[in-house]
Amino acid sequence: MRIGELAERAGTTTRALRYYEQLGLLPARRAGNGYRAYDEGDLRLLREIRMLQDFGFGLEETRPFVECLRAGHPEGDSCPASLEVYRRKLGELDECIARLQEVRAQMAGQFDRAVRARDELAAVRESPLCELVKE
């Protein structure tokens, strides 16, 4: 298949495919007429890359998965290098979640403080002494 068809089937652009080719993630094969030529295996590589990118992986982080598929494995994540990338990304996610939990706790504290301050101010305004001062 030609580059336009592959891009359409993979849900990406021809520009992205040329970039993946430049990075060595997608093979650069040419047909006799000089056009880029792709097959179903290339579509599978692209689907793997796109799925990993949807998870937040950078293009270089997809390389072990692509290499695993190219080596003939049934899944891109069945090789040790791919599993290591998963392990590292899970660690990054754990760190991010922990930081978000810290920020949430800080924000909840600020919110509680603000609500208390508002309630205290409202209580002062409603006190009988404030009524005497107004008169």
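Which helix holds both E60 and R63, and how many residues apart are they? Both lie in helix α4 (residues 59-70), three residues apart, or about one turn of the helix. Helices here are DSSP runs of H or I with at least four residues, numbered from the N terminus.

A bit of housekeeping before going on. This is a predicted model, where local features need pLDDT of at least 70 and side-chain atom pairs count only at pLDDT 80 or more, while totals for chains, interfaces and linings use all residues. Residues are numbered from 1 along each chain as its sequence is written, and side-chain values use heavy atoms, with hydrogens and water left out.

As for confidence, pLDDT is the predictor's own score for each residue, from 0 to 100. The chain averages 92, and 94% of the residues score at least 70. Among the elements of the chain, α4 has the highest mean pLDDT (97), and helix α6 (residues 128-134) has the lowest (60).

Now the charges. Side chains of opposite charge can pair when their charged atoms come close. A salt bridge here means a side-chain nitrogen of Lys or Arg within 4 Å of a carboxyl oxygen of Asp or Glu, and the structure holds twelve of them.

| Pair | N to O distance |
|---|---|
| E60 and R63 | 2.8 Å |
| E61 and R88 | 3.6 Å |
| K89 and E92 | 3.3 Å |

E61, R88, K89 and E92 are linked in a network of salt bridges.

How exposed are these residues? Buried means under 20% relative accessible area, exposed means over 50%, and partly exposed is in between (1.4 Å probe, protein chains only). E61 counts as buried at 16%, and so does K89 at 13%.

On to the greasy side. A nonpolar core is a set of buried Ala, Val, Leu, Ile, Met, Phe, Trp, Tyr and Cys residues joined through side-chain atoms within 4.5 Å. The largest one has 17 residues, and those with the most contacts inside it include L6, L17 and Y20. Helices α1 (3-10), α2 (14-23), α3 (40-54) and α4 each supply at least two residues of this core.
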